[in-house]
Amino acid sequence: LGGVLISFVGFAFIFSIVTARGRALDLAERMTRSQRRIVESSQDIIAVMDIQGGWKSVSPAVKKTLDYSENELLTKNILDTFLHPDDKERLKSALASSKDDVGFTFEVQSGTKTGEMRWISWHLTVSRADGLIYAIGRDITLQKTSEEQAKLHNKQVQLAELSALEANDFKAKFMRELSHNLRDALTGTMGFLQ
């Protein structure tokens with residue numbers, strides 16, 4: 001009877017461990033599916049790179065943003081793919097000087113596969129312990145274009161104001177000279193008539 005009772009308790013213990021493990025695996029699988037859905041539906045590029053900049057994984061948003069497929073990038077390095085030449089050295093030095101596990105934002109011009117230039121704002125977190133760089137990239141081309149247009153508009157307004165001031169100065173000078181010449185002519189005419 002004691003052996004049966006011990007067997008029953010042991011069986012119940014093993015059964016609870018197996019079902020708890022099954023529930024934990026099921027929960028982990030649901031969380032993994034949820035995270036995969038979030039990554040796949042995000043408009044931002046979500047990527048993992050090694051410390052040298054080699055792509056380890058990248059979300060499908062890279063296709064929409066930069067026209068590259070995920071498989072095309074997984075064999076390449078971020079420095080060799082789509083960065084503007086001026087930004088390569090800046091990125092290298094920013095990664096080298098970054099603090100471990102502290103994110104920073106880095107804006108770069110990136111070329112699409114078709115050659116079009118786009119602005120990407122990367123939020124990068126370097127984890128030297130893992131030997132990885134975690135990255136989220138957002139297309140900010142429209143924002144940068146708006147900023148450039150606003151700067152251009154401001155310059156145009158300043159030039160228009162400067163032109164208006166010059167026109168006012170010219171008009172005042174012209175009126176002074178015209179008034180002076182008319183007065184001289186009228187004074188001479190009045191003197192002649194007298």
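Modeller: By the distance rule, the count comes to 7 salt bridges. The model is a predicted one.

Start with the whole chain. The protein chain has 6 helices and 5 strands. From the N terminus on, the order is α-β-β-α-α-α-α-β-β-β-α. The radius of gyration is 35 Å, well over the 16 Å that the globule rule gives for 194 residues, so the chain is more spread out than a compact globule. The C-alpha trace spans about 150 × 35 × 30 Å along its principal axes. Buried residues make up 26% of the 194 residues. Take contacts between residues at least 6 apart in sequence: 39% of them join residues at least 24 apart. The accessible surface comes to about 13900 Å², and carbon and sulfur atoms hold 61% of that area.

Now the core. The largest nonpolar core has 26 residues. Those that touch the most other members are Trp55, Ile78, Phe82, Leu91, Trp122 and Leu124. Two or more residues come from each of these elements: strand 1 (45-50), strand 2 (55-58), helix 2 (61-66), helix 4 (78-81), helix 5 (85-97), strand 3 (104-111), strand 4 (117-127) and strand 5 (132-139). Strand 4 gives the most, with 4 residues.

Leaving out residues up to four places away in sequence, Trp55 touches Ala47, Val48 and Met49, among others. Its contacts also include Leu73, Leu74, Lys76, Asn77, Ile78, Thr81 and Phe82. Trp122 is another of its partners. Three of the names in this set, Ile78, Phe82 and Trp122, are also listed among the core residues that touch the most other members.

Next, helix 5. Its buried residues are Asp87, Leu91, Ala94 and Leu95. The buried residues pack against helix 4, strand 3, strand 4 and strand 5.

Ser121 is buried, with a relative accessible area of 15%. Beyond residues up to four places away in sequence, Ser121 touches Thr105, Phe106 and Glu107, among others. Its contacts also include Ile136, Gly137, Arg138 and Ile140.

Arg138 leads back to the salt bridges. Its side chain meets that of Asp44 in a salt bridge (2.7 Å, N to O). Arg138 lies in strand 5 and Asp44 in the loop between helix 1 (2-41) and strand 1, so the pair ties together parts that are 94 residues apart in sequence. Arg138 is partly exposed at 47% relative accessible area. Asp44 counts as buried, at 14%.

A second pair joins Glu72 and Lys113, with the closest N and O atoms 2.4 Å apart. This pair also links distant parts of the chain: Glu72 is in helix 3 (residues 70-73), Lys113 is in the loop between strand 3 and strand 4, and they are 41 residues apart. Glu72 counts as partly exposed, at 24% relative accessibility. Lys113 counts as partly exposed too, at 45%.

Then there is a network: Glu116, Arg118 and Asp139 are linked by salt bridges. Within it, the closest N and O atoms of Arg118 and Glu116 are 3.6 Å apart. Arg118 is buried, with a relative accessible area of 17%. Glu116 is partly exposed, at 41%.

Finally, two backbone details in the loops. Asp67 has a positive phi of about 70° although it is not a glycine. Asp67 lies in the loop between helix 2 and helix 3, and it is partly exposed, at 24% relative accessible area. Asp101 has a positive phi of about 60°, again without being a glycine. Asp101 is placed in the loop between helix 5 and strand 3.

Conventions
Residues numbered from 1 in each chain as written. Predicted model: local features only at pLDDT ≥ 70, side-chain atom pairs only at ≥ 80, totals over all residues. Heavy atoms only, no water. Core = buried A, V, L, I, M, F, W, Y, C linked by side-chain atoms within 4.5 Å. Buried < 20%, exposed > 50% of the residue type's maximum accessible area, 1.4 Å probe, protein only. Contact = heavy atoms within 4.5 Å. Rg over C-alpha atoms; globule rule 2.2 N^0.38 Å. Areas by Shrake-Rupley, 256 points an atom, 1.4 Å probe, with all protein chains shown as cover. Salt bridge = Lys/Arg side-chain N within 4 Å of Asp/Glu carboxyl O.
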